[in-house]
Amino acid sequence: MTTTTIDRWAGGACPFEAGWRKVMMWWFIVTDGLLFAGFLAAYGYGRILAFHWPDTAEVFSLKYIAAMTFVLITSSATMASAVDASRRGDRRQALRFVGLTAIGGAAFLGMQAYEWRHLIAEGARLSRNPWGDAAFGSYFFLLTGFHGSHVLTGVIVLLTTAVRTAKGLTSADGVEMAGLYWHFVDLVWVFIFTLFYLL
Amino acid sequence: MKTYWITWCVLLAFTAAMLWADTASIPRLAFVGFMLAAMLTKASIIGANFMHLRSEHPGIVATVVVGLLVTGVILYLLIAPDAARIHEMVAAYGRK
């Protein structure tokens, strides 16, 4: 009975032709994505409700935010390359790309910390800000903070994956799971970047 | 591996186009439409190529698309009209 169950979850006999780890990771991504969807919908509601929403071009340096986006997109490409190398059994190259991805994630976090520090110094708080509607600050800190916590988690996962890959303890599936999570973090940023910073 | 770096180039091109649109004088409706289209295209590209949804079982693809996109859109469309009412109410009764 147990063997049959394990065989089925190995992916051979569906329901999704994928192993249990991948299916569970996708379930996690969908549920976590719905959490972000809820936050973004609340932000949309607050934005329509606001009488004077700040002009984001005046508040943020869009070139700086674009640089953050560049770093995150590039780290996604290196992560995809790590998964590919891992699938090919090239452990050395997989380790190198996972390491580069972790560096990209850490750089993104550093840039976000600098952005927060700058805005806080200018008077941005959860309940008020000098540019316009009071809710602007709370949505900014909530959305970017929640995303940033995901990036931090991702960096920890990547460092763990790198160490385990170096020791030969992580299978190609393990690298792929770390990759799926990292791409999800990138995917969420696409929405935050567009809906919060550009629109 | 080549596919991933082509995908990277395409994503950067979309990002550059979005930043250009942000500085260009485009009518608001067209601007919002372009931004939303570019955002969804970028998200689809990441999902399809980086997350390999393109080669996954259709059941996983359907779960992700229905679960995230459709629910997100329904969530927003259900509450956004309610938020817009505040402006009608203020016009009718004032801010207090």
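The crossing of H2(A) and H3(B) is right-handed. This is a predicted model. Chain A holds seven helices and zero strands.

**Contact between H2(A) and H3(B)**
- By class, 18 nonpolar and seven polar residues make up the contact of H2(A) with H3(B).
- No charged residues take part in that contact.

**Chain A overall**
- From the N terminus on, the order of elements in chain A is α-α-α-α-α-α-α.
- The C-alpha trace of chain A spans about 60 × 35 × 20 Å along its principal axes.
- Chain A has 199 residues, and 39% of them are buried.

**Helix H7 of chain A**
- H7(A) runs over residues 172-198, which is 27 residues.
- From first C-alpha to last, H7(A) reaches 37 Å.
- That is close to the 39 Å expected at 1.5 Å a residue.
- H7(A) has a kink of about 25°.
- The kink is centred on Ile192(A).
- Of the 27 residues of H7(A), 23 are buried, so the helix is largely enclosed by the rest of the structure.

**Gly33(A)**
- Gly33(A) sits in helix H2 of chain A.
- Gly33(A) has 20 other C-beta atoms within 10 Å. Gly33(A) is buried because 20 or more is the cut-off for that class.
- The C-alpha atoms of Gly33(A) and Tyr181(A) are separated by 11 Å.
- Along the chain, Gly33(A) and Tyr181(A) are 148 residues apart.

**His52(B)**
- His52(B) lies in the loop between helix H2 (28-50) and H3 of chain B.
- Phi of His52(B) is near 60°. That is a positive value in a residue other than glycine.
- His52(B) has 17 other C-beta atoms within 10 Å, so this residue is partly exposed. The count falls between the limits of 12 or fewer for exposed and 20 or more for buried.

Technical notes:
Residues numbered from 1 in each chain as written. Chains lettered and ligands numbered in written order. Predicted model: local features only at pLDDT ≥ 70, side-chain atom pairs only at ≥ 80, totals over all residues. Helix = DSSP H or I, 4+ residues; strand = E, 2+ residues; numbered from the N terminus. Expected span 1.5 Å × (residues − 1). Bend = angle between axes of the 7 residues up to and from the residue. Left-handed = near helix turned anticlockwise from the far one by under 90°. Nonpolar A, V, L, I, M, F, W, Y, C, P; charged D, E, K, R; others polar.
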